[in-house]
Amino acid sequence: MSTAEKTFSKGLEGVIAAQTEMSFINGTEGILEYVGIAIGDLASKSSFEETVFLLWNKRLPSRSELESFTQSLRANYGLCDEMITQIKSLPTDAEPMHVIRTMISMLSLYDTNPNENSVEAAREKALNILAVTPMIVAAFDRHRRGLEVVAPDASLGFAANFLYMLNGEKPTDAMIRAFDICMITHADHGLNNSTFAARVVISTLSDVYSAITAAVGSLRGPLHGGANEGVMKMLNLIPSVDDAEDHVMNMIKNKERIMGFGHRVYKSKDPRASELMTLAKQLADDTGNMDLYLKSNAIENIMEREYASKGIYPNVDFYSATTYHCIGLKLDLFTPMFVLARIAGWSGHVIEQLGDNRLFRPTTDYVGPHAAPYVSIDDR
Ligand SMILES: CC(C)(COP(=O)(O)OP(=O)(O)OC[C@H]1O[C@@H](n2cnc3c(N)ncnc32)[C@H](O)[C@@H]1OP(=O)(O)O)[C@@H](O)C(=O)NCCC(=O)NCCS
């Protein structure tokens, strides 16, 4: 490409940097599909395990394939003793996102062949990371609460097993289904920042652990996966539904960003937000948190009035905050839930990248001086 053809796009907006067969997004019409299937259909009819199979294999599994995939995931739920010892030695005031990033990186130390990058090996490593990360989160949370670590239960599905390891008791069917829907809706989303980070790292033929670790680091930022915590903090600052108007209008007046709104790609309502809104309402009703849902709904209406003309609508993080709160999760576990689900997408992209790799190496537009004199240090 000649210099004249090169264009600068701040934040790489609109730049196509990879091809994928996993998710399709139409930001104008608010469409999200995984391998061609509408996110709404998957949220209402599929399971997280089936969705992961779909993303990694680009087709829905047969009954026996799903059974076998689920069994392999369950067989990998447990962390090795060394990792559990490490988790128990961590400072109890550490942020869970820093813990997850560190522990996923550490998993590579207990892999006898961490640098093997064949597509087959990458799939195995991805399956293992996906299977054990719930235990990393649950074990750390119990450690900081001074509770015994709960071993995984391989008779339970991904969602149920995580909630069981976290709380030490079997969750209700309604909680399992709600959590499963959260996992499905967060599983993949095109070339978002963390997925791009994962693809950039694996494109050097580094290793799967490094790629996923980089993605976790990216996701924790408040402009990306960290926004769901920001939403909850905002909801906590608003005493009642009647205060939502003044609170949000003050934020707008002070030019503050309203967390959970706006998206680089969607200029209409994020279809995941629509799915999660329905879920949040049901859960809020079931768990006595209707005030939280009503506050969220009031904020959405105010934002619609003030910002719809700018294409700013609720994104995936807005109603996931209410949903996670109703499931009983602590605030700093909200973004970790995004990690549990998005490992599916990150890994799928890593596998796609390895299957047809070219090193990512964009260029910069140099805007500094030329032919500058070197002034000796005594004369500066
Ligand atoms: C997600 C996000 C970073 C995407 O933004 P982007 O494509 O980079 O767009 P910009 O940050 O350039 O914003 C464009 C305009 O919309 C405004 N805007 C975007 N999101 C906004 C929000 N949540 N609240 C208020 N204003 C917002 C910006 O202030 C800017 O206004 P201006 O043109 O008058 O300066 C942005 O919408 C945001 O910060 N949202 C809040 C964080 C969040 O929920 N992130 C989760 C994403 S899934």
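Me: Helices here are DSSP runs of H or I of at least four residues, numbered from the N terminus. Which helix does Leu163 lie in?

Reply: Leu163 lies in helix α7. Keep in mind that this is a predicted model.

Me: What makes Leu163 count as buried?

Reply: The cut-off for a buried residue is 20 or more other C-beta atoms within 10 Å of its own. Leu163 has 23 C-beta neighbours inside 10 Å, so it counts as buried.

Me: Which residues is Leu163 in contact with, leaving aside its neighbours within four places in sequence?

Reply: Contact asks for C-beta atoms within 7 Å. On that basis Leu163 is in contact with Pro171, Met175, Ile176 and Phe179. Of these, Met175, Ile176 and Phe179 are also among the buried residues of α8.

Me: Why is α8 called largely enclosed?

Reply: Count the buried residues: 10 of the 13 in α8 are buried, so the rest of the structure largely encloses this helix. Among them are Ala178, Asp180, Ile181 and Cys182. The cover over the buried residues of α8 includes α1 (39-45), α2 (48-57), α7 (158-167), α13 (271-287), α15 (316-327) and α16 (334-355).

Me: And what makes α15 largely enclosed?

Reply: Here 12 of the 12 residues are buried, so α15 is largely enclosed by the rest of the structure. The buried residues include Val316, Tyr319, His325 and Ile327. Their cover includes α8, α11 (227-237), α13, α14 (290-307) and α16. The length of α15 fits too: its 12 residues should span 16 Å at 1.5 Å a residue, and the end C-alpha atoms are 17 Å apart, which agrees. After α15 comes Gly328, with a positive phi near 100 degrees.

Me: Let's step back to the whole chain. How many helices and strands are there?

Reply: The chain has 16 helices and 3 strands. Its radius of gyration is 22 Å, close to the 21 Å that the globule rule gives for 380 residues, so the chain is as compact as a globular protein of that length. Along the principal axes, the C-alpha atoms fill a box of roughly 70 × 55 × 50 Å. Buried residues make up 44% of the 380 residues. Among contacts between residues at least 6 apart in sequence, 77% join residues at least 24 apart.

Me: Why are β1 and β3 said to stand at the edges of the sheet?

Reply: The sheet is an open one of 3 strands, in the order β1-β2-β3 with antiparallel pairing. β1 (23-26) and β3 (37-38) each have a single partner strand, so one side of each is left without a neighbour in the sheet.

Me: How do you know that β1 and β2 pair?

Reply: Pairing needs at least two bridges found by DSSP, and β1 joins β2 (residues 31-34) over 4 bridges in the antiparallel sense. Ile25 has Leu32 as its bridge partner in β2, while Asn26 has Ile31. The two strands form a hairpin with 4 residues between them, and Gly30 in the turn has a positive phi of about 70 degrees. The covered face of β1 holds Ser23 and Ile25, and the uncovered one holds Phe24 and Asn26.

Me: Why is Lys58 called partly exposed, whereas Ala371 is called exposed?

Reply: Lys58 has 15, so it is partly exposed. Ala371 has 4, so it is exposed. Lys58 is in the loop between α2 and α3 (63-75), and its phi is positive, near 65 degrees, though it is not a glycine. Ala371 sits in the segment after α16 and has a positive phi of about 50 degrees.

Me: Finally, which residues come nearest to the ligand?

Reply: Of the 16 residues around the ligand, Ala227, Phe261, Gly262, Arg264 and Asn315 come nearest. The shell divides into 7 nonpolar, 5 polar and 4 charged residues.

Notes. Residues are numbered from 1 along each chain as its sequence is written. This is a predicted model: local features need pLDDT of at least 70, side-chain atom pairs count only at pLDDT 80 or more; totals for chains, interfaces and linings use all residues. A residue is near a molecule or strand if its C-beta atom, placed from the backbone, lies within 6 Å of it. Ala, Val, Leu, Ile, Met, Phe, Trp, Tyr, Cys and Pro count as nonpolar, Asp, Glu, Lys and Arg as charged, and the others, Gly among them, as polar. The radius of gyration is taken over C-alpha atoms; the globule rule is 2.2 Å times the number of residues to the power 0.38. Two residues are in contact if their C-beta atoms, placed from the backbone, lie within 7 Å. The expected span of a helix is 1.5 Å times one less than its number of residues.
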